Amino acid sequence: MIFFLLAHAFSMLLDLIWLGRQTPQDKDLEILLLRQQLRILQRKQPHPPRLSRWEKLTFVVLGRRLTDMANSARTRLGQVVFLFKPETVLKWHRELVRRKWTFRRRAARGRPSVSLDIEALITRLATENSTWGYGKLEGELLKLGYDIGRSTIRAVLKRSHIPPAPERAKRGSTWRSFLGHYSGALPRPDAGL
């Protein structure tokens with residue numbers, strides 16, 4: 001019993017000496033790590049406790065900040081982290097770094113967007129050939145080497161405020177609209193009068 005009391009008093013004396021040599025920032029980090037461990041212990045969980053990704057992240061960040069100030073990381077973590085081995089916290093850090101640097105962005109879903117050149121071609125074909133519907137335009141574009149679907153052609157024409165084929169055919173069937181295409185090429189009949 002006396003040996004236990006002497007050992008306990010000696011460890012308390014060492015802790016007091018150690019605390020006197022620490023900076024306030026070191027003490028704050030230690031307190032945060034110890035409080036985090038207490039929260040985990042207060043939960044009703046089997047041993048060893050299961051940690052969420054966010055709890056592991058908290059340990060990694062606090063442990064990393066604490067070991068930045070100390071010379072040997074494992075020794076310093078071993079003095080503060082009691083629930084897990086220092087190697088476990090360092091392993092979590094390695095996994096976090098690996099996950100950050102090997103993150104792959106998801107590929108864009110859906111079909112790629114239509115280029116402006118192809119949109120211009122679609123609008124030109126539709127305005128010059130007012131009776132061509134979406135299917136006919138799709139077939140003509142396919143002959144030219146462009147695999148564009150009907151819904152894409154419809155969306156391009158809608159963005160360009162070009163109506164569907166039946167409405168275009170009605171609008172473009174007058175002599176005035178026909179001659180309007182060639183007004184720059186043909187002289188006006190009444191120009192010489």
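In this predicted model, helix H6 has 13 residues. From its first C-alpha to its last, H6 reaches 18 Å. That is close to the 18 Å expected at 1.5 Å a residue. Six positions are named as buried in H6: Ile 118, Glu 119, Ile 122, Thr 123, Leu 125 and Ala 126. Viewed down the helix axis, the buried residues fall within an arc of 160°, so they line one face of H6. An α-helix has 3.6 residues a turn, so residues three or four places apart point the same way. The face of H6 turned away from the buried side carries Leu 116, Asp 117 and Arg 124, which are exposed.

Thr 123 belongs to H6, which covers residues 116–128. Its relative accessibility is 18%. Thr 123 therefore counts as buried, the cut-off being under 20%. Neighbours within four places in sequence aside, Thr 123 is in contact with Val 156, Leu 157, Ser 160 and Ile 162.

Phe 59 lies in another part of the chain, in helix H3 (residues 53–69). With a relative accessible area of 1%, Phe 59 is buried. Phe 59 and Val 81 are 22 residues apart in sequence. In space, 8.9 Å separates Phe 59 from Val 81, C-alpha to C-alpha.

Technical notes:
Residues numbered from 1 in each chain as written. Predicted model: local features only at pLDDT ≥ 70, side-chain atom pairs only at ≥ 80, totals over all residues. Heavy atoms only, no water. Helix = DSSP H or I, 4+ residues; strand = E, 2+ residues; numbered from the N terminus. Buried < 20%, exposed > 50% of the residue type's maximum accessible area, 1.4 Å probe, protein only. Contact = heavy atoms within 4.5 Å. Expected span 1.5 Å × (residues − 1). Arc of directions from axis to C-beta.
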